[in-house]
Amino acid sequence: MQLNKITDTLTVSPQITADDLPALKAAGFRSIICNRPDGEGADQPTHEEIETAAKAAGLEMRYLPVQSGLVKDEDASAFGDALRDLPGPVLAYCRTGTRSATLWSLSQAKSLPMSDILGATKAAGYDMNGVARRIANGGKTPTDTGDAKFDVVIVGGGAGGVSVAASLKARKPGLSLAIIDPADIHYYQPGWTMVGGGIFNAQDTAKTMGSLIPQGVHWIKSAVAAFEPENDAVILDGCRVVKYDRLVVCPGLKLDWGKVEGLEETLGRNGVTSNYRYDLAPYTWELVSTMKQGRALFTQPPMPIKCAGAPQKAMYLSGDAWCRRGVIKNIDIQFMNAGGVLFGAKDYVPALMEYVKKYDANLNFFHNLIAVDGPAKQATFAVNAPDTEPATVDVEFDMMHVCPPQTAPDFIRVSPLADTAGWVDVDQATLRHTRYDNIWSLGDVMNAPNAKTAAAARKQAPTVADNIVADIRGRSAEAQYDGYGSCPLTVERGKIVLAEFGYGGALKPSFPSGLIDGTKPSRAAWFLKEKLLPPIYWKAMLKGKEWMAKPEKIKVAAE
């Protein structure tokens, strides 16, 4: 007997027998729903046989037969009524459990987000993406989907989405393009570290989305609910459907603040801040600029995260500010890193360690933040160091800068586009989906093993654009991405260690070492970060001007 738990109150299963009922009773079930019509299989017990055995075991029974492949709206409504009326937990069954899972999905469409429904059924072993349109339509069969159709649809209007739209327009102006994104504001997120360091103003890192969408590109201001890659369709909230010839997926990632107990309730007060949020980065500087003594914690969760150097950048800029004010000797700096190294590309670690010593910061590896008590100013960490017993430790703080856990967005994780870890599954060179030939991905949401930075997206966008145009012309992929990412590590005000690397940590410097040696702190790198990169982002990258970002051509072996 195979039991597939969907929620605490509902489990679904393939066909059961009368002999299974005592065991189901012993397992804690109180009701049974049969969704398989009698006579569907030669060796199938009738629902009366199951009902007799259920009553003998002290279980309630409901017969709601549904023809295979024909789940009607009224069937889902009846199933929802049964779940409300019957004592739980409930076991629902059919031939495989799929009809029961489908009925549950449709019956919950008005009360649960689609991502929760798709996630729960996926975890139980059932793919409900085939009824995603009905879920998006409140569990009802759509009668008017209001389809729109474009040559290329881009999901996400962040750095990757706007850049690839601009690059495509530059290459093939006649393409019909659409960007799907519900946000009103587009943020230059690399600037938030500088806001937290008192260098940039927060408002300078934000522009309206409408002002940045390339001319001639349609902006569909809506959230994505699900994907139907077999039908070349994206389903929007409200069950609108957008069709495409080719799809680009780049919605960024999800900052999972709720994964740390108590964190959301205390963000922005009690000394708890984060440069990973536009509204909190100014609070970081407020705390740093007024702190005179005490303990400052800087946390880093397990990888992957966007801009892997950002948690320590906050630490360095804070330490520099305290040095300049002459209070550094009174401040206990603790870097709490869930990982086991300071920085993944080892060539940059020696320079960084000099600043760790300068600010007298303590490095605590394998410490993962799991809970915060803001009023008590206490943080709890899970400690999982190699060859030691797992433990938890409580650490008091006066200030804490938090980097939140990060995952793919819910609608990506439960989609057919995702790998087993929830990220969009692509070929790491061409950035084309491994299973759907007319889908590409870039930015933070894909599973290529590169650093998740805006600089990476700047290199990826032309690669995707080149390969889409080649595909339109009937050619194979022409461009490849080498894993390039850049992380300007702001080690003090006026100096940066410019980390540039590709797949496997291979160094990928953009400048001659005589101009900028990325393995050493330099004022030239600071000038690049402070003065040049913001206008390059707004006026070049988002406009399709590929300065120092021309795609690398795939080398074809000689015959």
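**Figure 1. Right-handed crossing of helices H4 and H5 in a predicted model.** The crossing of H4 and H5 is right-handed, that is, the near helix is turned clockwise from the far one by less than a right angle. The model is predicted, with local features requiring pLDDT of at least 70 and side-chain atom pairs pLDDT 80 or more, whereas totals for chains, interfaces and linings use all residues. Residues are numbered from 1 along each chain as its sequence is written, and side-chain values use heavy atoms, without hydrogens and water. The axes of H4 and helix H5 (residues 114–123) come within 10 Å and cross at roughly 165°, the axes being lines fitted to C-alpha atoms over the stretch in contact and the angles running from 0 to 180 degrees between N-to-C directions. H4 and H5 are therefore roughly antiparallel to each other (angles over 145 degrees). Ala101, Trp104 and Ser105 of H4 meet Ile117, Ala120 and Thr121 of H5, where contact means heavy atoms within 4.5 Å.

**Figure 2. Packing of helix H3 with helix H4.** Helix H3 (residues 73–85) packs with helix H4 (residues 98–107) at an angle of about 85°, their axes lying 8 Å apart; helices are DSSP runs (H or I) of at least four residues, numbered from the N terminus. This angle makes H3 roughly perpendicular to H4 (65 to 115 degrees). H3 contributes Asp75, Ala76, Phe79, Gly80 and Leu83 to the contact, and H4 contributes Ser100, Leu103, Trp104, Leu106 and Ser107. By class, the residues of this contact are six nonpolar, three polar and one charged, with Ala, Val, Leu, Ile, Met, Phe, Trp, Tyr, Cys and Pro counted as nonpolar, Asp, Glu, Lys and Arg as charged, and the others, Gly among them, as polar.

Figure 3. The structure holds one cavity of 30 Å³ or more, a cavity being a set of points on a 1 Å grid over the protein atoms alone where a 1.4 Å probe fits but cannot get out. The largest cavity has a volume of about 90 Å³, volume being the space filled by probe spheres set on the points, which are joined across faces, edges and corners. Its lining comprises 13 residues (those with an atom within 4 Å of a point), and Arg458, Met541, Lys545, Glu546 and Ala549 lie nearest the centre. Helix H7 (159–171) and helix H15 (454–472) are the elements that each give two or more residues to this lining, and H15 gives the most, with three.

Definitions and conventions:
Parallel < 35°, antiparallel > 145°, perpendicular 65-115°, else oblique. 1 Å grid on protein atoms, 1.4 Å probe; cavity = no way out; pocket = protein on both sides within 12 Å on 5 of 7 lines; lining within 4 Å.
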